[in-house]
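Me: I would like to go through this structure by question and answer. Please start with the surroundings of the ligand.

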Amino acid sequence: MADDIVKIIKYDHHGTDVYVREDLKGTHADMCLCYLCEDFKPGDDDNCMVANEVYKNCVEFGLVTPVYECPVFKLSKALEDRFEVVE
Ligand code: SF4
């Protein structure tokens with residue numbers, strides 16, 4: 001097998017066997033815009049409604065869905081020293 005072939009592995013994610021690119025497994029939080037967003041408060045009553053809907057869809061279908069683009073993103077004030085929004 002060629003060295004540059006990317007493996008797609010299967011593992012148990014919260015009780016469901018799922019497939020994932022091995023090189024991307026565990027990178028969701030690094031890629032998802034929500035983790036940089038002022039409105040992302042997972043588990044809180046005032047968590048972003050869109051993020052809640054994305055999460056519900058993930059639970060229903062056993063998916064991991066990073067948000068790459070969002071029209072209502074607001075940079076977290078706590079991260080303003082590391083990121084800049086360019087309009
Ligand atoms: S506003 Fe967009 S980026 Fe922010 S938490 Fe909601 S879905 Fe994620």
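Me: In this predicted model, how many residues of the shell around the ligand are nonpolar, polar and charged?
Reply: The residues around the ligand include Leu33, Cys34, Phe40, Val50 and Ala51. Cys counts as nonpolar and Asp as charged, and Asp39 is also one of the residues around the ligand. By class, the shell has eleven nonpolar, no polar and one charged residues.

Me: In what order do the elements of the chain run from the N terminus?
Reply: The secondary structure of the chain consists of two helices and two strands. From the N terminus on, the order is β-β-α-α.

Me: What radius of gyration does the chain have?
Reply: Along the principal axes, the C-alpha atoms occupy a box of roughly 45 × 30 × 20 Å. For a compact globule of 87 residues the radius would be near 12 Å, but the chain has 16 Å.

Me: What percentage of the residues in the chain are buried?
Reply: A residue is buried if 20 or more other C-beta atoms lie within 10 Å of its own. Of the 87 residues in the chain, the buried ones make up 3%.

Me: Does helix H2 lie largely in the open or is it buried, and how many of its residues are buried?
Reply: H2 covers residues 49-61 and reaches 19 Å from its first C-alpha to its last, close to the 18 Å expected. Just after H2, glycine 62 has a positive phi of about 70 degrees. H2 lies largely in the open because, of its 13 residues, the number buried is zero.

Notes. Residues numbered from 1 in each chain as written. Predicted model: local features only at pLDDT ≥ 70, side-chain atom pairs only at ≥ 80, totals over all residues. Helix = DSSP H or I, 4+ residues; strand = E, 2+ residues; numbered from the N terminus. Rg over C-alpha atoms; globule rule 2.2 N^0.38 Å. Buried ≥ 20, exposed ≤ 12 C-beta atoms within 10 Å, placed from the backbone. Near = placed C-beta within 6 Å. Expected span 1.5 Å × (residues − 1).
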